[in-house]
Amino acid sequence: MQANVTDKQTAASSSAAATRLKQQRGRAEMMGERAIEVVIHLCGFSAIIFVFGIFFFVFREGAPFLAKLNIGEFLFSTEWFPTSQSHAKYGVGALIVGTLSVTSLAMVIAVPFGLGAAVFVSEFCNGKSKETLKVVIELLAAIPSVVWGFIGLTVMSPIIIKTFQVPIGVNMFNGALLLALMSVPIMVSIGEDALKAVPDSYREAAIAMGATKWQLVWRVLLPAAKNGLLAAVLLGVGRAIGETMAVLMATGHSVRIPHSIFDPVRTLTATIAAELGETSKGSDHYQSLFLIGILLFTITFVVNLAADLIVKGIKKK
Amino acid sequence: MAQAHFTATPFTRKKRRTEIIAKCFFGGMAAAMVIPLVLIVGYVVVQGAPSLSWEFLTTNPRLGGIRGGIWSALVGTIYIVTISLCVSAPIGVLSAVYLNEYAKDNWFTRIVNLAVVNLAGVPSIVHGLFGLGAFVYAAGMGKSILSASLTLSIMTLPVIIASTKEALSAVPVSFREACWNVGATRWQTIWRIVLPNSISGILTGVILQVSRTAGETAPIMLTGVATFKAIESTGLFLYNPVKDQCMALSMHLYYIATQANNAAPSLPYAIATVLLGAVLVVNATAIGVRAYLRSRKKW
């Protein structure tokens, strides 16, 4: 039949079909469309819900202990004796110092190497070698933290004992070295993005003036990309503070203020991981570990917020 | 050749020398972090490889885990990865669709983006505390595979959101406009045009999520992983995801390396090799898929 219809008829029937289609769509399809849009919106908000959920549920478990606690003492006392029968003490000062010292030592090692590698990837490599190096760095970022901890325990520890003539190989230096290696990949990838964002005209201008590559990097690129590089460092710091398994296995795990970089220390994260299994739900010890969780949440929140604001600032420019 | 007549002045020679020094300096920085790592990973694999065998993978651990194979740990990791993938992949992809296709550029969207960034930055052990408080106790799931998987799925959500979002925003706006102009609805456009064209990025995100989930230890340690458990060697449901705790490769490595006495010395190396091998193969697949699909891209 269709072979007989004229052009005019086709046009008329197709426009009629279109209106019919629209009317049909009005019911079933539009309902489906609505439903899927609601689902998409819910999923979109899920990140907010989860962040609040994390804060709520961790805080809920730890909150009852806040009433019994002197916050100043909790934060600044270095006496952490949660398992003592008669004189249980909950001071996380030494743990905070442990986290800060391991993280800062890690950054002292990681920042020059991470940013140096970012400069190398972005400015000195091209084509194949750049791709290869980026793939290798991406793979390094994928190594699980428990494997890092295992490496610290079995490979690094004897090397440190031999090289530095110290009695214990699992110590602050070991943990910091692992954290440095773990946070370098993220610094390289974010740092490389920051360097890529520097306009090529800057490079051309510097080279036209007769600058060497060395001068180009120091005098032009690093100052121009300094915000992005700062964000890269901050994300590395965030990763190092939150890292658990590697520091749990490789820092030696003794609660005290370290006097040298070869002293064993203990971090906030490692304390939660090591002790939570031994506590009973609702005990003071249990609740104090959740308060440490809130403290960690707050610290990393601030660090990530700062990094994010810096990155946003660059994009606006 | 014009260059043949060009004689290098001391100045240009000096300049060339600084150039080379600069390259070596920064190259050394990159090498200093890459080479030792490759050596260390190589060392672990060399130590672990002799005890790897099909039998090691498919027999249950014995004597509290210090002898025998890693069957129940391997299966446990696969269960956790599969379940958390089923939860986080759809939520993550739809969340990225919202951020890229629906969200307006206003303060609320900025907060959503900030929440994604912060979700990625929350320490893994805090995710573990959350899973313990929310799923194990508040939701009454107890320590189980389900609790552990849900905890990990929330933790790895940002990985999928980030790579999907990037892929969606790479699809040209003209594709969408063409689709709207023939009368397609918003969702039809997304389902038929936008998602198929960004499949490479989505796939990469999903694969990276798998590798991240497989290696994670701290959160599942608190929410549902046992240090020792033997299971049957064949069958479809080796664990009951709702009731059982399971073993996991990452946790098994931690336990054998730090807590267990008298374990065979090569055992932790062998577990580490399996874990490393799995994670690196999965990641290499992601990189390969990305490269393949990118090479087929038509615009």
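Visitor: What pattern does chain A follow when it is read along the sequence?

Guide: In this predicted model, chain A reads α-α-β-β-α-α-α-α-α-α-α-α-α-α along its sequence, which comes to 12 helices and 2 strands. Chain B also has 12 helices and 2 strands, and its pattern reads α-α-β-β-α-α-α-α-α-α-α-α-α-α.

Visitor: What makes a residue count as buried, and what percentage of chain A counts as buried?

Guide: A residue is buried if 20 or more other C-beta atoms lie within 10 Å of its own. By that test 44% of the 317 residues of chain A are buried, and in chain B buried residues make up 48% of the 299.

Visitor: Why is Ala206(A) called partly exposed?

Guide: Ala206(A) has 18 C-beta neighbours inside 10 Å, and since a buried residue needs 20 or more while an exposed one has 12 or fewer, Ala206(A) counts as partly exposed. This residue is found in helix α7 (residues 200-208) of chain A.

Visitor: With which residues is Ala206(A) in contact, leaving aside its neighbours within four places in sequence?

Guide: Ala206(A) is in contact with Ala211(A), Leu216(A) and Val220(A). The contact test, however, uses C-beta atoms, which must lie within 7 Å.

Visitor: Is Gln165(A) buried or exposed, and how do you know?

Guide: Gln165(A) has 8 other C-beta atoms within 10 Å, and because the cut-off for an exposed residue is 12 or fewer, Gln165(A) is exposed. It is found in the loop between α5 and α6 (172-196) of chain A.

Visitor: What phi does Gln165(A) have?

Guide: Gln165(A) has a positive phi of about 55°, although it is not a glycine. Most residues other than glycine have a negative phi.

Visitor: Why can helix α11 (residues 249-259) of chain B be described as largely enclosed by the rest of the structure?

Guide: The reason is that 9 of the 11 residues of α11(B) are buried, among them Leu249(B), Met251(B), Leu253(B) and Tyr255(B). The buried residues of this helix pack against α5 (145-164) and α10 (245-250) of chain A, together with α3 (71-102), α9 (199-215), α10 (218-223) and α12 (267-296) of chain B.

Visitor: How many residues does the largest nonpolar core have, and which have the most contacts inside it?

Guide: The largest nonpolar core has 183 residues, and those with the most contacts inside it are Ala117(A), Leu179(A), Met187(A), Leu253(B), Ile271(B) and Leu275(B). Domain 1 (2-67) and domain 2 (76-316) of chain A both give residues to this core, so it lies between them. Leaving aside its neighbours within four places in sequence, Ala117(A) is in contact with Val184(A), Val188(A), Met29(B), Ala30(B) and Met33(B).

Visitor: How far apart do the C-alpha centres of domain 1 and domain 2 of chain A lie?

Guide: The C-alpha centres of these two domains of chain A lie 42 Å apart, and the contact between the domains takes 8 residues from domain 1 and 8 residues from domain 2.

Visitor: How many residues does each chain give to the contact between chain A and chain B?

Guide: Chain A gives 66 residues and chain B gives 67. On the side of chain A, the largest share, 20 residues, comes from helix α1 (residues 7-67), and by class that side has 45 nonpolar, 14 polar and 7 charged residues.

Visitor: What scores does the model have?

Guide: The model scores ipTM 0.85 and pTM 0.84, while chain B averages a pLDDT of 83, with 95% of the residues scoring at least 70.

Technical notes. Residues numbered from 1 in each chain as written. Chains lettered and ligands numbered in written order. Predicted model: local features only at pLDDT ≥ 70, side-chain atom pairs only at ≥ 80, totals over all residues. Helix = DSSP H or I, 4+ residues; strand = E, 2+ residues; numbered from the N terminus. Contact = placed C-beta atoms within 7 Å. Nonpolar A, V, L, I, M, F, W, Y, C, P; charged D, E, K, R; others polar. Core = buried A, V, L, I, M, F, W, Y, C linked by C-beta atoms within 7 Å. Domains from an automatic or database assignment. pLDDT = per-residue confidence, 0-100.
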